[in-house]
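Open the model in your viewer and keep the sequence panel at hand. We will go from stop to stop, selecting as we go.

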Amino acid sequence: MRQGTGGEKPGSAAGDAHAAERAAEAAAGAASEEAAGTAAEAAVGSWSGAELVLWLHRGLSVAAVMGLVVGTRAFWQANAMSRPWLALTLTGAYLVMLIAAVVALCASRHRVLARLDAGVLVTAIVIKLVAAWPGVSGAKALTVDEGILMDAASRALAKGNNPYTSAWPGIDPALPTQLMDGRTVFDFGYPPLGVEIGAVFQRLFPSMTGIVLVAWLAVFVTAVFVFTVAPGPLRPIATLGVLGLGTFTGYADNAYPSVIALPFLCLALWGWPRIGRTGRLGWHGLVRAVALGVACSIHQLGWFLALFLVVGLVVLRLGELGLARTFGLMLRYGGTALAVFVLSSLPFIVTTPHAWLTGVFEPLLQHAVPHGQGLMGITHYIIGGSAALDWYGHATIALLLALLAAFGLHLRTLGPAIAVLPWMIFMVSTRSQDGYWLLTMPLWLVALVTTTRADFAGAWRVPLPRREAVTAALFVPAAAMFVVAVATPQPLEFTVRTPVAAGKNLPELTVEVTNRSDEPVRPSFSVATGATIASFWKAEAGPETLAAGATGTYTLVPPTKTFKIPAEGRTILRAVSDAPQTLSSIRLTN
């Protein structure tokens with residue numbers, strides 16, 4: 001038998017005494033730790049407000065330093081051999097991080113932390129400059145269709161060509177947006193100011209990728225702006241939120257137009273409740289109205305924020321100025337923003353009005369195939385289809401109207417959330433990519449650091465009985481439309497006639513299709529191996545339009561010479577149609 005500690009048997013009196021001694025020591029240690037924790041809590045609780053603010057400021061400064069590490073090793077490894085001077089720059093940034101962490105933990109004054117925060121911001125910009133260099137210099141290719149089209153449009157404009165009358169079908173067909181009618185988007189579909197700025201930079205720096213440079217500059221300006229407008233103790237969140245988390249690196253590298261609009265959206269939102277408080281627009285309101293117009297002239301996301309700004313300002317000013325003066329104020333505010341929008345587009349409005357109009361509104365009207373991380377995924381990824389995808393679009397509009405009305409009715413409560421509410425509509429749209437709201441996160445910081453609940457305390461309130469019930473009722477139409485979209489079964493039923501095996505080539509696919517709906521369907525087919533409908537297959541045989549209740553046999557050919565079914569994962573045949581918008585699916589492999 002094994003002996004206990006000290007050679008005593010476990011059951012002996014000496015062993016029992018020793019065990020009791022150890023138990024007493026453990027209990028004393030636990031009591032000591034608990035007492036230390038209680039003492040620490042008591043110490044924090046006894047701090048003055050100034051001491052607590054300093055402690056929290058130190059904590060945010062440490063968090064900002066920690067955020068600099070995100071992605072830094074990947075940048076270092078990417079440059080260590082090919083561009084060692086960039087890797088050495090990152091080594092210097094590592095040293096700065098360690099020193100900054102020491103200072104942040106030991107600082108006893110806000111003045112020391114303020115200087116540290118500025119140094120950390122500069123270090124973050126240096127790190128991101130290293131990350132930006134391959135894309136800006138052209139050594140790294142753009143990898144998404146938004147950036148490729150922005151680059152092509154800015155280069156075309158730099159050469160004097162109209163981007164709205166141009167198309168770039170040479171893009172990898174797996175990248176661009178596919179439409180429900182079987183077409184692929186190869187043209188420019190945004191307001192023009194972003195590519196106008198990009199064209200200027202392309203002319204100034206012809207050896208670089210001008211539009212990527214513009215996108216990265218926009219990210220840096222956004223970080224500096226949020227840092228500048230934030231109170232001293234909150235400034236580290238600008239470094240952490242805009243540069244430290246690494247969220248914007250890929251978006252800037254691919255010149256997303258919403259990134260270029262970001263600093264202007266931040267400026268438009270900066271202290272917005274104070275606009276027109278005296279009844280005059282003034283310089284304060286004028287600058288913000290111009291910024292809103294610029295943002296709306298770069299990307300359509302600005303349009304949604306503009307709606308909430310107008311509703312919020314009307315409700316804020318009605319109680320102070322009355323209806324007539326509020327109307328006049330909003331006419332000047334909205335008119336200024338609209339004038340900037342029209343001025344930036346004027347050359348295209350005059351020369352090619354139809355091409356400009358269809359290009360600017362294209363993302364909102366083009367009926368793109370379902371994609372994204374929103375609730376549409378119930379239909380796309382779980383159920384597999386619906387004959388009522390149009391109702392997702394109806395639900396999106398209904399949700400926008402409900403959110404605007406709720407925002408106006410509850411401005412005293414919801415006013416600070418203006419930076420989030422506009423993007424909630426994308427949760428029920430067929431295109432519900434998380435980038436639509438991820439890219440607006442710096443606006444959350446602007447709303448946090450430049451507005452308070454007190455700014456909305458005097459907002460006009462509609463005299464409305466049972467306000468909560470009325471607010472809930474506002475969202476019933478959107479919910480009902482969403483349920484219709486989800487609950488309506490897919491229109492097409494498939495019978496696959498071609499043997500399909502995982503890991504094998506599929507030169508063509510023969511499938512028998514029956515339309516179980518009451519509407520004729522004009523299907524376009526795609527074999528999807530991932531979350532996205534990447535490209536359509538050509539129908540070499542089969543009816544172009546399948547009447548209600550009819551059955552047709554289709555022979556489908558892949559867009560490439562060979563198509564290999566992945567050895568693992570699901571392969572799904574999807575069929576989409578426009579007017580009405582429908583989605584039908586069947587698994588080819590599990």
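Start by selecting Asn515. Leaving aside neighbours within four places in sequence, Asn515 is in contact with Pro491, Leu492, Pro520, Val521, Leu546, Ala547, Ala548, Gly549 and Ala550. Keep in mind that this is a predicted model.

Is Asn515 buried or exposed? Asn515 counts as buried, because its relative accessibility is 0% and the cut-off for buried is under 20%. Now show its side chain. The side chain of Asn515 reaches the backbone oxygen of Leu546, at 3.1 Å. Leu546 is also one of the residues in contact with Asn515.

**Zoom out: the whole chain**

Show everything as a cartoon. The protein chain has 21 helices and nine strands. Its C-alpha trace spans about 90 × 85 × 65 Å along the principal axes. Of the 590 residues in the chain, 48% count as buried. Next, consider the contacts between residues at least 6 apart in sequence: 74% of these join residues at least 24 apart.

**Strand 4 and its sheet**

Go back to Asn515 and select the strand that holds it. Asn515 is found in strand 4, which covers residues 509-515. Strand 4 is mostly covered, with six of its seven residues buried.

Look at the pairing on one side of strand 4. Strand 3 and strand 4 run antiparallel and are joined by five bridges.

Now turn to strand 7 (residues 551-557). How many bridges pair strand 4 with strand 7? There are six, in the antiparallel sense. Pick out Glu512, which stands opposite Thr553 in strand 7. Then pick Leu509, whose bridge partner in strand 7 is Leu556.

Zoom in on strand 5 and strand 8 (residues 571-577). They run antiparallel and five bridges join them. Select Val527 and look across: Leu573 in strand 8 stands opposite.

**Two helix pairs**

Two packed helices are described by the angle between their axes and the distance between the axes.

Select helix 9 (residues 236-244) and helix 19 (residues 441-450). They pack at an angle of about 165°, with axes 9 Å apart. Helix 9 and helix 19 are therefore roughly antiparallel to each other, since that class takes angles over 145 degrees. Their crossing is right-handed. Show side chains at the contact: Ile237, Ala238, Gly241 and Val242 come from helix 9, and Pro442, Leu445, Leu448 and Val449 from helix 19.

Move on to helix 16 (residues 390-409) and helix 20 (residues 467-474). Their axes are 9 Å apart, and the packing angle is about 160°. Helix 16 and helix 20 are therefore roughly antiparallel to each other. Which hand does their crossing have? The crossing of helix 16 and helix 20 is left-handed. On the helix 16 side, the contact is made by Ala402, Ala405, Ala406 and Leu409. Helix 20 brings Arg467, Thr471 and Leu474.

**Last stop: Val200**

Select Val200. You will find it in helix 7 (residues 193-204). Val200 counts as partly exposed because its relative accessibility is 48%. Val200 and Val214 lie 9.8 Å apart in space and 14 residues apart in sequence.

Conventions
Residues numbered from 1 in each chain as written. Predicted model: local features only at pLDDT ≥ 70, side-chain atom pairs only at ≥ 80, totals over all residues. Heavy atoms only, no water. Helix = DSSP H or I, 4+ residues; strand = E, 2+ residues; numbered from the N terminus. Buried < 20%, exposed > 50% of the residue type's maximum accessible area, 1.4 Å probe, protein only. Pairing = 2+ DSSP bridges. Polar contact = N/O pair within 3.5 Å; in protein donor to acceptor, adjacent residues only side chain to side chain. Contact = heavy atoms within 4.5 Å. Axes fitted to C-alpha atoms, helices over the stretch in contact; angles between N-to-C directions. Parallel < 35°, antiparallel > 145°, perpendicular 65-115°, else oblique. Left-handed = near helix turned anticlockwise from the far one by under 90°.
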